[in-house]
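Please examine the sequence and the model that follow. The discussion begins with a helix and then turns to the sheet and the nonpolar cores.

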Amino acid sequence: AMSVEGAEISANGAAENDDRALPYEVDGLDVRGRVVTMGAALDTILGRHDFPDPVRRLVGEAVVLAALLATSLKDTGRFILQSQTDGPVSMLVVDIRTPGQIRATASFDAEAVAALEASAGSVSSADLLGQGSLAMTIEQGHSAQRYQGFVPIDGDSLEDAAHVYFRQSEQIPTRIRLAVAEIFDRDEHGEPRRAWRAGGIIAQFLPESQERVRRRDLPGGDDPQSGVSAGETEQREDLPDDDAWVEASVLLDTVEDHELTDPEIPAERLLIRLFHERGARVFQSIGLHDHCTCSRERIHSVLDQMSAEEIAEAAVTGQISVKCEFCGLTYYFDPEGFLTKS
């Protein structure tokens with residue numbers, strides 16, 4: 001059992017452990033993080049789109065990564081993860097309204113994806129992404145503050161790109177693991193079906209003393225603000241990391257894909273396995289669910305800003321149809337209401 005805000009929790013596998021982020025702390029290692037486990041919500045998101053399986057896996061990874069990051073926000077708001085690259089999957093978008101309303105989509109070249117599958121068999125996320133950039137945007141609710149960070153993608157996986165981001169932009173020692181799997185089970189009528197699951201874990205080294213946040217997470221080039229030159233950075237990188245973070249990193253590297261996607265291994269059990277010698281505290285989990293924010297009213301307000309010429313061009317069949325790229329819903333409008341507005 002593990003301590004949960006003064007209560008005890010057992011690590012019994014069950015479906016109710018899906019579609020949530022579980023925050024945790026390991027005081028003995030000065031580590032904080034979250035474990036995300038996604039089942040039906042992810043399967044619903046992926047089921048709305050006619051994606052080839054490699055693209056489904058990549059979108060699943062993006063959803064889990066975005067959920068790991070968005071659930072760290074203390075205030076209500078919005079978190080958007082978006083990639084723009086030259087690979088077969090040219091764009092990924094995951095949009096999360098905190099605490100846990102998720103929608104996601106992707107743009108891809110079906111022929112290029114099929115060619116990759118035919119030539120390589122197993123297609124990695126790095127193969128699909130190619131080169132480009134990954135952007136993370138945070139819009140904090142009541143303060144209306146907006147923060148955006150970028151990281152280049154150069155033949156990297158989403159895991160790799162996230163590690164580069166935290167090393168260069170946040171300078172917080174961070175380890176992330178992502179996994180996506182297709183499983184076969186039966187529906188409520190006993191009929192066989194395939195379903196998608198995914199999971200991930202993030203661990204960050206956050207000691208009270210900043211002197212212990214070391215070396216390797218300094219900028220790679222000259223840093224005019226800190227007065228640290230590239231040469232000094234290289235020398236510091238040769239110094240050892242803090243022992244606590246070395247231990248935590250080694251433990252995170254032992255996490256296997258199936259431990260993140262197996263419905264019989266809830267997050268608590270994984271944390272017990274990883275940190276049983278150090279002890280971990282877990283807190284109230286955050287529910288994650290499929291939810292699109294599109295609405296007829298929102299689309300109407302956008303159309304209302306368009307000129308009469310734009311409306312006439314959009315109404316090629318006598319009506320205006322607008323399809324949401326996230327959830328697939330199509331909304332229909334009579335152009336007359338916009339053409340006759342004062």
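Predicted model: local features only at pLDDT ≥ 70, side-chain atom pairs only at ≥ 80, totals over all residues.

Which exposed residues does the face of α1 turned away from its buried side carry? That face carries A40 and G47.

Helix α1 spans residues 40-47, and its buried residues are A41, L42, I45 and L46. These four lie on the same side of α1, because the arc that they cover around the axis is only 130°. The packing partners of the buried residues of α1 are helix α2 and the strands β4 (31-38), β7 (101-108), β11 (192-205) and β14 (289-290).

Strands β7 and β14 also belong to an open sheet of six strands, ordered β9-β8-β5-β6-β7-β14 and mixed in its pairing. At its edges stand β9 (146-154) and β14; each has a single partner strand, so one side of each lacks a neighbour in the sheet. Within the sheet, β5 (residues 77-85) and β8 (residues 131-140) run antiparallel and are joined by nine bridges. Q84 has S133 of β8 opposite it.

The largest nonpolar core comprises 54 residues, and V59, F79, L81, L92, V94 and L158 have the most contacts inside it. Helix α2 (residues 53-70) supplies the largest share of this core, with 12 residues. Beyond four places away in sequence, L158 touches L58, E61, A62, L65, L92, S125, L129, L134 and L178. Another core, of 23 residues, lies apart from the largest one and includes L29, I201, A203 and L274.

Technical notes:
Residues numbered from 1 in each chain as written. Heavy atoms only, no water. Core = buried A, V, L, I, M, F, W, Y, C linked by side-chain atoms within 4.5 Å. Buried < 20%, exposed > 50% of the residue type's maximum accessible area, 1.4 Å probe, protein only. Helix = DSSP H or I, 4+ residues; strand = E, 2+ residues; numbered from the N terminus. Contact = heavy atoms within 4.5 Å. Arc of directions from axis to C-beta. Pairing = 2+ DSSP bridges.
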